Amino acid sequence: MSDHVRDLVSVREATDRLLAAIGTLDNAAVTESSRLPGWSRGHVLAHLARNADALVNVLAGHPMYVSAEARDADIERDAPRGLREQVEDVRASADRFQRVGAKDADWGRTVELRNGVKDVASQVPFRRWIEVELHHVDLGIGYELEDLSEEFTQREINFLAKRFRNHPDLPPLLIKQDDGRMISTGAVQPHSLEEIKDGTAPTPLGIVVQGRQADLLGWLAGRRKGDALTVDRGSLPTLPPL
C-alpha cells in the first residue's frame, strides 16, 4: 500500500474520531472558545470543512483558496452555525476529499498550496491528517497531544523540524527525544548528526531541546510553551509562525 493511500485511511480514521467527539456536544458548546486565540469551536470546525475543500482544489490543480481574504470570510461566515450543520459540513467535506483522493492520479506531481508553498501531491493526505488531528486537540474537548499515535507524532515532529530547517530567524537547534532520537533544525547545524551521535563533533552544537514526543510536538506546532522541555546551551527560542 502506497504512503498516500495509507495516509488517506489515517485521515478517515482521524475524521471518524473527530465526528464522534463533536457529536456529543451541543449548540452552546460550539460557540465557546477553542484553544486557538480568537476562535470559537465553530471557527475551528468551519476551518476544517473549508480546508478539506481547499485541498480538493489543490489536488485538482486549482488555487487552494481564491484569496486569503476569502478564506477568512468563509470561516467567519460558517463559524456561528449550529452543531448539526457543523457536523454535516465536516462530514460532507471530508467525504469529498476522500473521493478525490481515491482517484487514479499522478501522485508524484508537484502541487501548490497557500502562500506559494509547493509539495508533492502524495503529501497532501498527510497534510490533511495534520489538520484533523491538531484541530481536534484545539477544540479542547478531551483529546490531547498525548492521545495522538506515535506514528503521527513522530512524522509531524519530523515535518515541522524540516519546515524550520535553515530558517534565518532561528539559531541551530538539536531536538532530542527521550527515546534517543535526534533531529537537527533551525539555522544550518555546524555538525552532522553522525558527528553528534558518535561524539566526535566539537562544541558548540547549538541549542539542545529535549523532551517527550507530545511536549516537543506541542512546542513545534505552537500548542505548548515548552515549559516541560529541557534546554541546554542556551534558552528556548521563540519559533516563527507556521
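Guide: A definition to begin with: on a 1 Å grid over the protein atoms alone, a pocket is an open set of points where a 1.4 Å probe fits, with protein on both sides within 12 Å along at least five of seven lines, whereas a cavity is a set of points from which the probe cannot get out; lining residues have an atom within 4 Å of a point. This is a predicted model, so local features need pLDDT of at least 70 and side-chain atom pairs count only at pLDDT 80 or more, while totals for chains, interfaces and linings use all residues. Residues are numbered from 1 along each chain as its sequence is written, and side-chain values use heavy atoms, with hydrogens and water left out.

Visitor: Fine. Which residues line the second largest pocket?

Guide: Its lining consists of V117, K118, D119, Q123, R127, N158, F159, K162 and R163. The elements giving two or more residues to that lining are β2 (118–120) and α7. Helices here are DSSP runs of H or I with at least four residues, strands are runs of E with at least two, and both are numbered from the N terminus.

Visitor: What volume does the second largest pocket have?

Guide: About 230 Å³. A volume is the space filled by probe spheres set on the grid points, which are joined across faces, edges and corners.

Visitor: Now the largest pocket. What is its volume, and which residues lie nearest its centre?

Guide: The largest pocket has a volume of about 1200 Å³. It is lined by 42 residues, and E131, R163, A221, R223 and L242 lie nearest the centre. Two or more lining residues come from each of α3, α6 (124–138), α7 (150–164) and α9 (213–220).

Visitor: Which of those gives the most?

Guide: α6, with seven residues. By class, the lining of the largest pocket has 24 nonpolar, six polar and twelve charged residues.

Visitor: Tell me about α6, then. How many of its residues are buried?

Guide: 14 of the 15 residues of α6 are buried, where buried means under 20% relative accessible area, exposed means over 50%, and partly exposed is in between (1.4 Å probe, protein chains only). From first C-alpha to last, α6 reaches 21 Å, close to the 21 Å expected at 1.5 Å a residue; the expected span is 1.5 Å times one less than the number of residues. Just after α6 comes G140, with a positive phi of about 65°.

Visitor: What about α3?

Guide: Helix α3 covers residues 41–59, and its 19 residues reach 27 Å, close to the 27 Å expected. Of those 19 residues, 17 are buried, so α3 is largely enclosed by the rest of the structure.

Visitor: What sits at its two ends?

Guide: At the start of α3, a side-chain oxygen of S40 comes to within 3.2 Å of the backbone nitrogen of G42. After α3 comes G61, whose phi is positive, near 85°.

Visitor: Which residues other than glycine have a positive phi?

Guide: Among them are N115, with phi near 55°, and R233, with phi near 65°. R233 lies in the segment after β6 (230–232). N115 sits in the loop between β1 (110–112) and β2.

Visitor: Is N115 buried or exposed?

Guide: N115 is exposed, at a relative accessible area of 73%. Its C-alpha is separated by 9.8 Å from that of S67, 48 residues apart along the chain. S67 is in the loop between α3 and α4 (68–78) and is partly exposed, at 26%.

Visitor: Switching topic: where is L18 found?

Guide: L18 is in helix α1 (residues 3–22). It is buried, with a relative accessible area of 1%. The C-alpha atoms of L18 and E133 are separated by 8.1 Å, although the two are 115 residues apart along the chain.

Visitor: Last one, the overall picture. How many helices and strands?

Guide: Nine helices and six strands. The radius of gyration, taken over C-alpha atoms, is 19 Å, close to the 18 Å that the globule rule gives for 242 residues, so the protein is as compact as a globular protein of that length. That rule is 2.2 Å times the number of residues to the power 0.38. Buried residues make up 49% of the 242.

Key. A polar contact is a pair of N or O atoms within 3.5 Å; within protein, one must be able to donate a hydrogen and the other to accept it, and residues adjacent in sequence count only if both atoms are side-chain atoms. Ala, Val, Leu, Ile, Met, Phe, Trp, Tyr, Cys and Pro count as nonpolar, Asp, Glu, Lys and Arg as charged, and the others, Gly among them, as polar.
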